[in-house]
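Student: I would like to learn how to read the packing of helices and strands in a model. Could we work through one together?

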Amino acid sequence: MSVNKNALIRYKTIDKCLQNRYRKWTLESLISSCSDALYEYEGREINVSKRTVQLDIQMMRSDKLGYNAPIVVYDKKFYKYEDENFSITNIPLNKNDINVLSETVEMLKQFKDFSLFSELGGIIQRLEDKVYSEKTQQSSIIHLDKNEKLKGLEFLDVLYQAILKKIVIKLTYQSFKAETPSVISFHPYILKEFNNRWFLVGRSSKYKQIVTFALDRIIDIDYNTSIEYILENFNGDKYYKDVIGVTVTNKRAERIQFWVDKKNAPYVETKPFHKSQRIIEKKDDGVIFNIFVKINFELERIILGFGDSIEVIKPKNLRDRIHTKLQNANKLYKKRN
């Protein structure tokens with residue numbers, strides 16, 4: 001059964017809406033979201049009628065497209081997925097989809113040796129592995145570190161489109177420290193992934209400094225076309241040049257020197273803390289490394305993660321801070337013995 005592009009956009013939009021369980025979705029709000037999505041893709045106003053969205057929901061509920069979406073109505077006006085983990089994007093691939101993907105993989109493999117496509121090697125392998133596992137119904141050969149229950153991933157496409165098309169967003173956000181959510185007008189610049197979590201980086205309309213928001217703390221996103229997008233030549237590579245993770249402080253980058261014992265040094269050597277990492281000296285009991293970074297939360301977490309197999313040599317302030325944290329941890333263990 002052929003489905004036109006606009007219908008697919010509406011299905012995808014309804015799906016994303018119903019995955020967001022922090023908001024109550026009426027038929028009118030679904031219509032509005034579909035209209036906004038079509039405007040985003042087409043660049044022009046497209047009238048989405050009540051009847052159209054009703055038919056879309058009926059189609060998604062049916063097995064005509066293989067969705068069988070468990071869309072239910074509660075309180076006689078609100079729509080939701082009865083299964084909160086459901087998404088039409090989780091539907092298994094059909095035979096035709098697998099054949100198309102197989103052909104695509106074979107085509108991409110022909111270009112893998114070109115320098116232009118050198119960074120795609122891992123992506124092609126993962127795609128090939130996915131096709132293989134779907135074809136044979138066997139478990140994947142390649143296993144990626146992922147968290148299926150990670151919140152906020154449903155916002156990735158909306159944020160990507162906002163960054164691409166330079167649109168100000170109205171962000172409803174609640175940090176772990178805040179008692180209530182805040183609504184912020186935000187100019188998004190880049191999306192950043194670190195340690196299997198996603199972050200939005202940009203500038204709020206109220207403050208000039210660059211701000212980072214975790215996607216798993218975002219409650220809702222809406223476009224704010226009443227505010228002009230602040231066009232800034234923001235360079236993510238430059239911004240994070242001297243940083244491990246996502247926490248960028250106002251401090252200058254400095255030379256961090258640390259010793260790693262003989263057993264763990266090969267792991268640090270083959271998977272550097274930072275691209276600036278250099279070997280300073282190899283000793284009988286371990287290796288001394290240098291990195292040039294800003295001291296932040298993520299750096300401390302990495303060092304603490306190595307426990308008694310690492311020692312910060314300098315700077316003194318970082319050495320003292322790690323020492324204090326280890327002493328406090330030791331007190332916790334002694335207290336519970």
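Student: At what angle do α1 and helix α3 (residues 50-61) pack, and how far apart are their axes?

Tutor: A word on the basis comes before the case: this is a predicted model, in which local features need pLDDT of at least 70 and side-chain atom pairs count only at pLDDT 80 or more, whereas totals for chains, interfaces and linings use all residues. Residues are numbered from 1 along each chain as its sequence is written, and side-chain values use heavy atoms, with hydrogens and water left out. Helices (H or I, at least four residues) and strands (E, at least two) are DSSP runs numbered from the N terminus, and axes are lines fitted to C-alpha atoms, for helices over the stretch in contact, with angles from 0 to 180 degrees between N-to-C directions. Here α1 and α3 pack at about 80°, their axes being 10 Å apart, and that makes α1 roughly perpendicular to α3 (under 35 degrees is roughly parallel, over 145 roughly antiparallel, 65 to 115 roughly perpendicular and the rest oblique). On the α1 side the contact (heavy atoms within 4.5 Å) is made by Arg10, Tyr11, Ile14 and Asp15, and on the α3 side by Thr52, Val53, Asp56, Ile57, Met59 and Met60.

Student: How do helix α1 and helix α2 pack?

Tutor: Helix α1 (residues 5-19) and helix α2 (residues 27-42) meet at an angle of about 130°, with axes 9 Å apart, and are therefore oblique to each other. Among the residues that make this contact are Ile9, Ile14 and Leu18 of α1, together with Leu30, Leu38 and Tyr41 of α2. The contact residues divide into nine nonpolar, three polar and four charged, where Ala, Val, Leu, Ile, Met, Phe, Trp, Tyr, Cys and Pro count as nonpolar, Asp, Glu, Lys and Arg as charged, and the others, Gly among them, as polar.

Student: Turning to sheets, in what order do the five strands lie?

Tutor: Two strands pair if DSSP finds at least two bridges between them. The five strands form an open sheet in the order β6-β5-β4-β3-β7, with antiparallel pairing. Because β6 and β7 (218-223) stand at the edges with a single partner strand each, one side of each is left without a neighbour in the sheet. Neighbouring strands here are turned by 45° against each other on average, direction ignored. Within the sheet, β4 (residues 182-194) and β5 (residues 197-204) pair over eight bridges in the antiparallel sense, and the bridge partner of Phe194 in β5 is Arg197. Helix α6 (residues 156-164) packs on this sheet, touching β3, β4, β5 and β7, and its direction makes about 100° with that of β4.

Student: Which strands form the four-stranded sheet, and which helix packs on it?

Tutor: That open sheet has the order β9-β10-β8-β11, again with antiparallel pairing. β9 (278-282) and β11 (310-314) are at the edges, each with a single partner strand, so one side of each lacks a neighbour in the sheet. Neighbouring strands are turned by 30° against each other on average, direction ignored. Strand β8 (residues 254-261) pairs with β11 in the antiparallel sense over four bridges, and Trp259 stands opposite Glu311 in β11. Helix α10 (residues 316-335) packs on the sheet, where it touches β8 and β11, and its direction makes about 145° with that of β11.
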